[in-house]
Structure formats: C-alpha cells, structure tokens
Amino acid sequence: MAIAKNVKISRRGLLLGSVAASGGLAVGLRADGQFAHAQKAIGASGDELGVWVVVRPNEQVVIRIARSEMGQGTLTGLAQLVAEELECDWKNVTTEQITPGQSLARKRAWGEMGTGGSRGIRVSQEYVRQGGAVARTMLLQAAANQWNVPADELTVDKGIITHGKSKRTITYGKVAAAAAKLPVPDPKSMKLKDPKDWKIAGKPLRRLDTGDKLDGRKVYAIDVKLPGMLNAAIKACPVFGGKLTAYDDAKIKDMPGVRHVVRVDATTVAVVADTWWQAKRALDALPFTWDEGAAAKASSATIAETLKEGLTAEGDNGANRNGDVAAALKDAAKTIEAVYATPFLAHACMEPMNCVAKVTADRAEVWVPTQNGEASLAAAAEASGLPLEKCEVYKHDLGGGFGRRGGTQDYVRQAVLIAKQIPGVPIKMIWSREEDMTHDFYRPISQCRMAAGLDDKGSLVALEMRISGQSINAYANPSVIKDGKDLRQLQGLTAEPSDAYIGYTVPNLSITYAMRNSHVPVGPWRGVNTNQNAVYLECFIDEVAKAAGKDPLEFRRALMGKHPKHLGVLNAVAEKAGWGKPLPSGVHRGIAQFKGYGSYSAAVAEVSVSDRGKVKVHRLVFALDSGHVVNPAQVEAQVEGSVAYGLSAALYGESTVKDGRIVEQNFDTYELLRIAEMPPVETVLVPSGGFWGGVGEPTICVVAPAVMNAIAAATGKPIRSLPLKNMKLRA
Amino acid sequence: MAKLNVNGKTLDLKVDGDTPLLWAIREQAGLTGTKYGCGVAQCGACSVHLNGEVVRSCSITVASLKPTDKIVTIEGLAPNASSAVQKAWAALDVPQCGYCQSGQIMAATALLKKTPKPTDADIDAAMTNICRCGTYQRIRAAIHLAAGQIAAPAAKKV
Ligand code: FES
Ligand code: FES
C-alpha cells in the first residue's frame with residue numbers, strides 16, 4: 001500500500017497516514033516526513049519562482065504561506081524571512097495561503113502545514129529562506145541573461161537589480177516573467193545570510209494582517225457565506241463516551257426555519273435550519289435520551305483518587321533518573337515533601353469550533369479554522385468516504401487556536417458527516433459556547449508528589465518527582481507510546497538533549513511518570529505539559545530554597561552551572577526585574593525558569609495579597625532566549641498573550657467533572673482574565689544565536705509559578721494547587 | 001419581521017422577535033464583523049452601539065428594539081477604519097487573532113466618547129471584553145494613544 005508509515009503531520013496530532021489508512025485511502029507521502037521542493041510539478045503556476053514566491057509585472061511580491069495564522073504572527077514572520085533572502089521591497093509584499101489539496105497535489109512541496117508546538121517559524125525557517133534565495137537567484141539570472149553579463153556581477157536592493165559596470169538597473173517585476181521560465185536551482189545549494197546581516201527579518205515590523213481586523217471585514221470561517229447555505233447547531237452526549245439513544249424530531253419539525261434533524265454519529269445530533277439561531281433554538285427544544293454509560297459516575301473526586309494512587313504505585317511510564325534518590329533522601333540532613341495538583345482546563349478559543357462543509361458524490365470541501373490543514377483534509381476524506389484528491393480545505397485564519405484546532409479535527413468530521421446527508425448544500429456548523437466548553441480536549445489533569453533532600457550546608461542532594469496524570473498521547477496518538485513509555489508527559493523535566501530539558505543538575509534525581517487516564521478527552525493546550533511541570537518543579541524548588549534558608553535566585557543558580565542558557569535567562573530576568581532591590585510595602589517577588597519548545601524562559605512576578613486574600617499582580621518581567629528573533633514586536637506580543645492565558649489559568653481556570661460531564665459551560669463559570677487584572681508586562685529578549693527556538697508557548701509555563709512563588713513570599717505559605725480562586729490565601 | 005436602523009440604513013428583516021440582535025445582524029443583515037463569543041453577555045465580542053451606548057447584542061432581542069433605535073456595528077463605525085480608535089489600534093498592532101477586536105474597538109469608542117481622557121482605572125472599569133489572545137496591554141496603550149495622552153510610536157522603516 002502506498003501509504004507512508006507514520007508521516008508526522010503534527011507532533012501533537014494525528015498522523016495523516018494513519019487517518020488516510022483507516023479511511024481506506026492511499027496517499028503518496030514520503031515516509032521520512034521530508035518533502036521534495038517540487039520543480040514545477042503538477043499544478044505549478046507559470047509565474048512562480050520556485051514554490052514560495054511569485055513576482056508580478058507590477059512589482060507585487062506574493063509570498064506563499066503554508067502554516068496557519070491564529071494571531072501568533074507567524075504569517076508576518078515567515079514573509080519577513082522569505083523577503084530577507086529575496087531582497088525585495090517589503091512594501092510590495094503580500095501573502096497567499098497554500099491549500100492542503102494544492103500541497104498534496106504537489107507532493108507537499110511546501111512542507112508541513114501543521115501549526116503547533118511553537119514550530120511555525122523554527123521548523124520552516126531554513127526552507128522558506130532558501131525559497132526566497134531561489135527566487136532571487138532566478139530573478140538575477142534573468143537580468144543577467146537579458147544584459148548578457150555574468151549573474152555574479154549583479155547586485156540587488158529592494159527589488160532593483162543593478163549592473164554596476166554598465167550602470168544599468170532593472171526591477172524585479174520587469175524580469176519576473178523571464179525568470180519564471182528558468183530552471184529552479186536546488187534550494188539546498190543556496191547560501192543563506194548570516195542573521196547579523198538581516199534588514200527585514202529581525203526587525204519589529206508591523207503585521208501584514210492587521211487591516212481587516214479593524215473594521216469587521218475579515219472573514220473567519222464562522223463568517224463564511226455560500227449560496228444556498230444552511231446552518232447547523234449540534235449537540236453531543238454531555239458525558240464523554242455516552243451515546244445518543246433517541247430524539248423526538250416531531251417536536252421541533254415545525255419550528256421556524258428548521259429543515260433537517262440529522263443524526264451525526266453514535267453520540268451526536270444536529271439541527272439544520274435557515275439560520276444558526278433558528279437551528280440552535282430548535283436544538284434547545286429537542287427532547288433527547290442519552291445512554292450516558294459507565295462514565296456518568298465519574299467526578300473530579302473519583303479522578304483525583306485515581307491520580308493519587310499513581311503517586312505511590314510501583315513502576316513508571318517514563319523516567320529521568322540519575323544517582324540513587326532513595327539512599328540520598330535517607331542520608332539527607334533535611335528532607336522536604338509536598339504534593340501538588342493541577343486541574344483540567346478548556347481552551348476557550350474566542351471563536352467557537354465551527355466548520356462549513358459541502359459534500360457531493362465526488363467532492364468534499366470544507367472552510368475551516370484549522371491549525372493543521374492536512375489533518376482537516378484527512379478528516380474530510382475519512383468522514384466523506386472520498387479519496388484525499390477529491391477533498392479540499394480552505395483554511396481561514398483562526399479566532400484562536402491554542403492547540404484545540406490541531407491534529408484532532410473532530411469538528412471537521414462532524415460538519416462533513418452532516419453535509420454528506422444533505423448533498424450539494426453547504427452547511428455551516430457552529431458549536432454553541434456551551435458545546436465548545438463541554439466537548440474540548442482538555443489540558444491533562446495531574447498530581448505530583450515531590451521530595452527533596454538537603455545536606456548540612458543546605459545544598460540540594462536529592463530530588464524526587466512523581467507525576468501521576470493523564471496522557472495526551474494515550475488519547476490522541478497512542479501509537480507513539482512504546483513499551484508503555486510516554487516521555488511527553490515529562491515535558492521540561494527530561495534529560496538533555498531535548499526540546500525541553502531540565503535546567504538543574506542534582507546528584508540524585510528521580511522524575512517518573514505514572515499514566516492514569518480518565519474518560520475525559522485531553523489534548524495540547526498552549527504550553528502543553530510545560531505548564532503543569534513548571535508549576536511542580538519551580539514552586540517546589542522555592543519551598544526547598546526556603547527550607548535551606550537560601551534566596552530562591554541564588555539557590556537556583558547553584559544548580560545551573562551546567563546549563564548556561566537556562567541560567568542566562570534567569571540572570572537576565574533577575575537583572576531587569578531588580579531582584580533583591582526594595583519593593584513597595586506589601587509587594588513581594590517570585591521567580592521561575594523553564595525550557596520548552598527549544599527556548600529558555602524566566603519570569604519575575606511582583607504580587608501583593610490583600611488581608612482578604614485577594615491577589616494583585618503588579619508587574620511581570622520576562623527573559624526569553626529563542627536563539628533568533630524574527631520580529632521582536634511580535635515576540636513581545638506573544639509574551640504578553642501568554643501572560644493573559646497563563647494568568648487566567650492560574651487565577652481561575654478549572655474544568656471540573658460531575659456525573660461524568662464538564663460542569664463549567666460558559667464564561668460566567670469559567671472565568672477569564674480581563675484588562676483590569678492584566679499586569680504590565682516587560683520583556684527582555686536575549687537571543688543567543690546558534691539555534692531556533694519557539695515563541696508562542698515557551699513563556700506561558702513560567703507565569704503561574706512566578707506568581708505562586710510571589711504569593712508564597714507574601715503569605716509565608718506555599719501554594720500547591722490551582723486555581724488560586726479555590727485557595728484561602730489568608731487565614 | 002422587524003424594522004431595524006443599522007449603520008444609518010433602515011432594514012426590513014425577516015426575523016422572529018425573540019432573535020438576539022447579534023444573530024439578526026450577522027445572519028439577516030449579513031454584517032459579520034460583530035462576533036459570537038458566549039451568547040450570555042460575558043465576553044463582549046458582540047458589542048455594538050445602541051443610541052450611542054455600547055451594548056452586548058447577544059443579549060438584546062429584536063422585539064425589544066424600535067425602528068428609531070440607532071444601531072451601529074463595527075462596519076458602520078467610520079469609513080476605511082479612519083476613527084481615532086481604529087488608527088491607534090493599527091499604529092500599535094493591537095490585534096492578534098482579531099476575533100474579539102470588533103467588540104474591543106466598539107467598547108473603546110464608547111468609552112472615549114464619554115470620557116475623552118480616561119485614566120487606567122476608567123479603562124479597567126469600561127473595558128470588560130475578553131481577549132483570549134491577551135492583547136490587553138496594547139489595548140490600554142491604544143486607548144491612551146487615541147485619547148492623545150501618549151505619542152504614536154515611530155513606524156519602523158525597512
Ligand atoms: S457574545 Fe455577547 S457578550 Fe459574548
Ligand atoms: S485578538 Fe484574539 S481574542 Fe482578542
């Protein structure tokens with residue numbers, strides 16, 4: 001069978017190969033996950049210069065974008081990288097999205113489309129820069145041919161080619177047509193610029209995609225209008241794993257606008273009406289019976305019990321060990337113990353899940369906010385029963401993603417299953433906020449049992465961490481769990497080298513994972529497991545520092561000699577925040593550092609706690625080393641965004657379980673940070689070069705522990721579980 | 001049927017009286033700049049102006065409105081995004097995903113109309129819209145910029 005094994009579309013998500021396989025489909029993807037830079041392959045337009053760039057006679061430069069834009073600014077950053085090598089005039093740059101169908105038809109000429117794991121730039125940077133260089137090379141060659149001079153005598157600046165010897169100039173637009181007819185040079189042979197010579201990349205340029213966000217013009221998928229379109233509201237069994245046994249559509253058939261009542265699958269029903277509001281109103285009036293199944297007995301308390309058992313159980317599902325922790329703890333002059341816990345969390349993207357689908361006997365099309373267009377394509381193919389080549393995905397910029405709209409495209413599947421039953425009619429399916437909050441893939445719940453041993457000088461000689469909790473891979477990607485080991489849940493705590501390894505050297509270390517799954521679906525949530533793991537490690541380190549009678553910054557520094565990049569951001573943030581300098585009375589500092597997504601982050605929080613236990617965050621300072629910085633203004637925006645997302649979680653976030661279902665259904669019970677609680681954020685970027693780290697996610701994981709450590713400094717009591725709204729911070 | 005005055009035009013909409021203004025605007029008037037976020041007056045994504053006041057259109061029924069009520073949506077705020085608030089939003093690159101921004105801009109515009117020189121506390125009290133991308137720091141700065149309380153940053157030239 002022509003299906004590549006384990007073609008990884010997203011580290012976070014499903015595998016296109018496996019989905020295609022389960023749909024009985026064949027796709028010719030390369031097994032190694034690599035892709036060919038197609039040389040004028042199928043579907044190539046006549047004016048392209050390599051696969052990434054088109055230059056129009058009017059000097060307009062079209063840069064193609066394969067990754068998704070969900071607010072993180074990747075679109076602008078990628079365009080900057082291409083434009084840098086292209087040497088075009090930034091003023092002339094526009095962008096164009098590649099569709100997953102086009103990509104497949106050209107053997108994935110634009111590489112991976114999945115946008116998660118903070119990889120949009122760091123994983124694409126080399127080949128998009130090569131793409132810019134290829135286009136420049138072709139344009140220069142075309143000018144050289146026209147003037148009959150060697151190409152290496154030409155120079156170019158802002159899209160104007162100059163032959164110095166003959167004092168001739170010509171613009172990109174004038175040679176573009178001739179350039180497009182030339183052979184495409186091997187991208188790998190391109191010599192890329194040293195980042196220190198960048199003129200467009202590395203600069204705080206404005207985003208390319210702001211204009212239509214200011215006046216309502218921007219068309220998100222939820223705004224798509226197609227001729228003859230109907231609208232669907234949907235309801236799945238509120239208990240995960242439960243079934244829809246019956247519904248009485250006679251009761252709603254005659255309500256205004258109602259056209260169809262459709263069973264979507266074993267768990268779900270949809271009402272299709274002229275407008276979404278009519279569909280929603282009818283759905284609310286539709287009588288159902290559910291078979292809620294065994295999971296209806298589950299609650300947050302029963303799940304917590306399961307996790308608790310894992311804290312002390314034998315064996316592990318992954319570990320990072322050195323030395324002999326048991327012996328070292330026994331011999332320690334002082335030991336410290338604690339148990340921490342973090343809850344399930346919903347993503348709450350501002351734009352609820354939605355998808356427009358149109359299915360005929362030989363074509364399935366979807367208009368969708370997706371972080372992973374190829375996973376959407378696979379979902380459309382599987383649900384429609386059509387081969388991938390007969391499906392197409394029109395990616396719309398997302399109204400927030402945060403990991404929710406990645407590899408597992410449940411909402412595309414549903415929309416296609418509805419549309420398939422109403423052939424030829426475009427169906428816009430929108431989840432109500434309540435559906436969205438109660439059928440998410442939640443940030444996994446976990447607990448952590450910690451123990452530390454200090455010697456008589458107060459140095460850390462032993463550290464034990466036992467994490468018991470749910471596994472994302474077990475839910476979304478079980479085939480990657482080999483021999484029961486799932487190191488993903490130890491993100492940020494594994495040994496070097498890795499995308500996210502621990503920055504402390506401890507002579508006796510044992511970090512183990514006990515997989516304890518519940519019936520609640522889990523998935524990546526901005527920052528994924530670095531969030532929980534940074535809370536555990538960084539808050540406990542503060543507890544241990546306190547027990548040792550040492551300053552938390554100095555205590556950390558002593559453990560970080562072998563990890564200069566972790567230490568670099570810690571020092572940078574301490575300096576910027578003025579660690580150790582006097583603060584207004586009642587205000588206290590907390591510090592935290594962590595590595596994730598190839599980048600190093602550290603934060604200092606300044607916090608006060610009122611007599612009644614109310615927390616106020618006065619200031620948050622960050623240092624981030626992402627290796628290189630493509631657009632510092634956008635990196636800062638991501639840091640600020642990570643504060644709002646991370647603080648919402650720390651202060652308020654929890655999705656609790658009762659009778660097998662999620663309790664918090666809307667923003668009245670799932671409270672989110674608003675502007676009044678947003679602290680001023682200061683960011684120091686300390687890119688140390690030589691590597692490419694991510695940006696969208698790394699800093700979020702240090703937000704909560706820095707704040708929690710500052711609260712502990714204020715109250716004298718450690719915080720060991722979240723959210724803070726449940727804690728009594730003052731007696 | 002309902003007669004609504006939206007962005008200066010009187011529209012005859014084929015809509016049941018219990019329909020929230022939000023959905024009449026989006027689905028009948030076809031103006032999709034006003035967004036659905038929660039449907040329960042919590043997030044502000046659906047903010048529009050009703051007789052000059054900012055309101056959450058998801059929680060107002062069409063039946064409760066008179067043909068003389070003046071409704072302004074983001075599309076009707078100013079030609080070519082030329083209002084002071086929109087220009088400040090552009091100058092500071094406020095939006096990330098952008099989904100909440102129609103509502104944020106409508107709320108900020110209403111604030112500045114009442115309080116032309118708002119303090120941070122005024123902003124905290126008036127701007128209760130949720131932004132999941134976390135653009136709050138820039139929203140605050142952009143409001144002060146639109147109010148003329150701070151200077152515009154120099155645009156970076158390439
Ligand atoms: S949609 Fe109206 S306030 Fe959220
Ligand atoms: S910009 Fe994305 S929700 Fe505000």
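**Exercise 1. Determine which elements of chain B the buried residues of α2(B) pack against, and identify those residues.**

Solution. The buried residues of α2(B) pack against α3 (101-114) and α5 (136-146) of chain B. The structure is a predicted model. Next, the residues themselves are identified: within helix α2 (residues 84-91) of chain B, the buried positions are Val85(B), Gln86(B), Ala88(B), Trp89(B) and Ala91(B). Finally, the backbone beyond the helix is examined: Asp93(B) follows α2(B) and has a positive phi, near 50°.

**Exercise 2. Describe the extent of the interface between chain A and chain B, and state which residues of chain A lose the most area to chain B.**

Solution. The first step is to count residues: 65 residues of chain A are in contact with 53 residues of chain B. The second step concerns area. The size of an interface is often expressed as the accessible area lost when the parts come together. Here the two chains, A and B, bury about 5000 Å² between them, and carbon and sulfur atoms account for 56% of it. On the chain A side, the residues that lose the most area to chain B are Leu214(A), Met350(A) and Ile675(A); together they make up 17% of what that side buries.

**Exercise 3. Characterise the polar and charged contacts across the interface of chain A and chain B, then the makeup of the chain A side.**

Solution. Salt bridges are taken first: there are 5 across the interface of chain A and chain B. A salt bridge joins the side chains of Asp223(A) and Lys35(B), with an N to O distance of 2.5 Å. Polar contacts follow: 32 residue pairs are in polar contact between chain A and chain B, counting pairs with both residues at pLDDT 80 or more. The next step assigns the chain A side to elements. Those giving two or more residues to the side that touches chain B are α6 (276-285), α11 (433-438) and α16 (632-651) of chain A. Of the elements, α16(A) gives the most, with 10 residues. By class, this side of chain A has 32 nonpolar, 15 polar and 18 charged residues.

Notes. Residues numbered from 1 in each chain as written. Chains lettered and ligands numbered in written order. Predicted model: local features only at pLDDT ≥ 70, side-chain atom pairs only at ≥ 80, totals over all residues. Heavy atoms only, no water. Contact = heavy atoms within 4.5 Å. Buried area = accessible area lost by both parts, 1.4 Å probe. Salt bridge = Lys/Arg side-chain N within 4 Å of Asp/Glu carboxyl O. Polar contact = N/O pair within 3.5 Å; in protein donor to acceptor, adjacent residues only side chain to side chain. Helix = DSSP H or I, 4+ residues; strand = E, 2+ residues; numbered from the N terminus. Nonpolar A, V, L, I, M, F, W, Y, C, P; charged D, E, K, R; others polar. Buried < 20%, exposed > 50% of the residue type's maximum accessible area, 1.4 Å probe, protein only.
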